[in-house]
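Trainee: I have a structure to go through and several terms to check. Can we take them in turn?

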Amino acid sequence: AVDAGVSAVMCSYNVVNGKHACGNPDVLLTDLKDTMGFKGWVQSDWWALHSFAAPQGVDQEMPGIGGHDGKAYFTPWNLNFLPGAKID
């Protein structure tokens, strides 16, 4: 899927190597974004997060603002896809 140019993936509720998939930097940052070269964004499944997960590789929390702390998920990976006017 990454080689085909998919622009978004969804992490889910499962546990990978003892960590929830939606908060697992080994899977989201190391494997997906670094090793596989994924350039799109990662969206959580609805209510799949157990804490604020932007530093672990999640770009969009579902069901949206108001989850763990109400902050937008502006990360280095999704900033490349946002026009400057949306950030300011």
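Trainee: Are C11 and C22 buried or exposed?

Mentor: C11 is buried, and C22 is buried too. Buried means under 20% relative accessible area, exposed over 50%, and partly exposed in between, with a 1.4 Å probe and protein chains only. This is a predicted model, in which local features need pLDDT of at least 70 and side-chain atom pairs count only at pLDDT 80 or more, while totals for chains, interfaces and linings use all residues. Residues are numbered from 1 along each chain as its sequence is written, and side-chain values use heavy atoms, with hydrogens and water left out.

Trainee: What makes C11 and C22 a disulfide?

Mentor: The term requires two cysteine sulfur atoms within 2.5 Å. The sulfur atoms of C11 and C22 are 2.0 Å apart, so the pair meets the definition. The pair links distant parts of the chain, 11 residues apart.

Trainee: Why is the disulfide of C11 and C22 called right-handed?

Mentor: Because the torsion about its S-S bond is about 110°.

Trainee: How do you know that K33 is buried?

Mentor: K33 has a relative accessible area of 4%, which is under 20%, so K33 counts as buried.

Trainee: What makes the K33 and D59 side chains a polar contact?

Mentor: A polar contact is a pair of N or O atoms within 3.5 Å; within protein, one must be able to donate a hydrogen and the other to accept it, and residues adjacent in sequence count only if both atoms are side-chain atoms. The side chains of K33 and D59 make such a contact at 2.9 Å.

Key. Helix = DSSP H or I, 4+ residues; strand = E, 2+ residues; numbered from the N terminus.
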